[in-house]
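Dear colleague,

I am handing over the structure below, and I would be grateful if you could look through it alongside these notes.

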Amino acid sequence: MMPAQRDASLLEQKQAALRVMLVEDSHIISDLISENLARIPKLRLLGIAETETEALSMLQEQPCDVLILDIQLRQGNGINLLRVLSADPAYAKTLKIVLSNHVSGTYRRICEQYGVQFFFDKTSEFPQLQMLLSRLSQTGIDS
Amino acid sequence: MDGQHRPGAHMLRRALPLALLALAGVNWALYRGALHSLYSLSTLVFLLTLADCLILLLVFWQAARLADRAHQDLRHATSGLSETMSLLAAVSDSTADPIFVRNRDGMLVFANPAGLRMLGRSREQALGQPLGALLGGAGGVGHEALDDSRVVQEKVSLTVEHSVGPSETRRTFATTMSPWLGPDGEALGVVCISTDISSRKEAEDTLRARESRLEEIVSRRTATLRRLADHLETVREEEKRAIARELHDDMGASLTSLSMHMEGAYPLLPSDTQWTERKAKIQNLLRSLVTTTRRMQTELRPTMLDLFGIKAAIHELIDDFRQRGNIEYDLSLPDEDIAIGHKLEITVYRMLQEILNNVVKHAQATHVDIILDVDEDRVALTVRDNGIGLSPESRDRPNAYGLRGLQERAAFLGGTVSFSKGRNGGTVVAVQLPLTNDQVDPVSL
């Protein structure tokens, strides 16, 4: 295989992978999440943002398929981020998943209003998120 | 003038015709007697003389008796009058209360010595002068009211307060004006009797000044206490918020990562019964720890309030109350977003929390209406329940801190809290807070 071909196939592989971005302000948790996500084949973690501003600039730099975000952040908050994204058609196709410790019905309702498709309890429902991401990495986001 | 006013003349005028008539009658009767030869002519002369003398004597004697009696009556009356006069003079001369009489034209016609002293004039200088001008000359203030024409026109008594004298020795008088009525009831002038009320006035003024000073102190201290209470409340909220944040960032994150680690570890546990049971216990423990931490966190600080504002926070609060008991809640919130400032938001939220806690604890209600209304200059929160109602005794209980806290907090923010009976029983709590002063000066101690 020619080096150029190898590069192209690598690129294809990378493009085919599910591009995930994580917004989480706690290091222990983001480390754990990225550790767990690394085990999913065909999933690429583009980056981890700790604040609302950081998340926005990261999103503007590179598009992602799945955005996993927490509600309470060190600066700003997940809902504000969702509000901004919902107003921008460029992010309409991004799958938004909230992973938070704020799990009351009111939070779920508000998140739904801002186009969140999945809502997981950070403490007890992480395995379910992992399963969802594994499935999506296989079938693609459109399914 | 008729005889009633001149008894002597009347009596004489009546006595003379009577005497003449009696003389004529008796003379005629005696003359008839002589004609019938009952006695001789010489006897007639004697009889005539005797009878006439007798008649004249009787008439004069009677007249003299009447004159005596009239004189005696007059003397009695005169002495009574002079006694009254001297008594009146004694009273008016010795009293320390100034007495004035002015005629219809406002001229002074009488003043007792105290009155003259008040005017600072002698009797000769004062009498015949206008009373108003005399008082004005004596440094009077407010005596214009003494010219009130109602006393003469409507014949009513009036009392006015006025003062006399230079400012450093000014005396205040309460003067009662009564109409001076003539024999036919017409008003001839006004009788003024003044009482020196300077010391009473002074005492009143001192008392009033002391009262207002006291009120000022009380209101100043109340304001300080309210500011202090507000400061404590703000500090408490800040501390609670800090603890909640710590709970979220530290405990919450640790618990979350512990759970995640455990999820990875569970498949490695031996599959015997002992470990299956242990796994279930560990999961239960973790769940209960997470639930408690989250509950504490929300109670300490409703994150919803910081993230989504008062409307969402109230929704969440009501959801929480719904889960706690058999009470139905009807919520009415403004359609538009509410921007009333952070401080007012947390105040309204805590007030609602306090009111609902009271309803759950004491009201025995099955239905609660919550209405939040915000307009340009105020925010109004009304909570209406269908419970047993709030008795005044329980409201005024010395340890009803919750209710008092509501009132104090509202008062500090320039608002009000009212408790009333609902139309169908139960209690209506109405909170009104102005939107103008959400920027409150920091407390200075």
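Two residues are taken to be in contact if their C-beta atoms, placed from the backbone, lie within 7 Å. Helices (H or I, at least four residues) and strands (E, at least two) are DSSP runs, numbered from the N terminus. Axes are lines fitted to C-alpha atoms, for helices over the stretch in contact, and angles run from 0 to 180 degrees between N-to-C directions.

This is a predicted model, in which local features need pLDDT of at least 70 and side-chain atom pairs count only at pLDDT 80 or more, whereas totals for chains, interfaces and linings use all residues. Residues are numbered from 1 along each chain as its sequence is written, and chains are lettered from A and ligands numbered from 1 in the order in which they are written.

I begin with the sheet of chain B. Here 5 strands form an open sheet in the order 6-7-8-10-9, with mixed pairing, where two strands pair if DSSP finds at least two bridges between them. Strand 6 (328–332) and strand 9 (416–421) of chain B stand at the edges, and each has a single partner strand, so one side of each is left without a neighbour in the sheet. On average, and with direction ignored, neighbouring strands of this sheet are turned by 10 degrees against each other. Strand 6 of chain B runs parallel to strand 7 (residues 367–374) of chain B and is joined to it by 5 bridges, with Tyr329(B) standing opposite Val368(B) in strand 7 of chain B.

Two helices lie across strands of this chain. Helix 9 (residues 303–324) of chain B lies across strand 6 and strand 7 of chain B, at about 170 degrees to strand 6 of chain B, while helix 12 (residues 401–412) of chain B lies across strand 9 and strand 10 (427–434) of chain B, at about 140 degrees to strand 9 of chain B.

Helix 12 of chain B also packs against helix 7 (residues 198–265) of chain B, at an angle of about 105 degrees and with the axes 10 Å apart. The two helices, helix 7 and helix 12 of chain B, are therefore roughly perpendicular to each other, a term that covers angles of 65 to 115 degrees, where under 35 counts as roughly parallel, over 145 as roughly antiparallel and the rest as oblique. In this contact, Arg226(B), Ala229(B), Asp230(B) and Glu233(B) of helix 7 meet Glu408(B), Arg409(B), Ala411(B) and Phe412(B) of helix 12 of chain B. By class, the contact of these two helices has 3 nonpolar, no polar and 5 charged residues (Ala, Val, Leu, Ile, Met, Phe, Trp, Tyr, Cys and Pro count as nonpolar, Asp, Glu, Lys and Arg as charged, and the others, Gly among them, as polar).

As for the interface, 20 residues of chain B are in contact with 19 residues of chain A. On the side of chain B that touches chain A, the elements giving two or more residues are helix 7, helix 8 (273–300) and helix 9 of chain B, and helix 7 of chain B gives the most, with 10 residues. The residues of that side of chain B divide into 8 nonpolar, 7 polar and 5 charged.

Finally, Gln364(B), in the loop between helix 10 (342–363) and strand 7 of chain B, has a positive phi of about 50 degrees although it is not a glycine.

With best wishes
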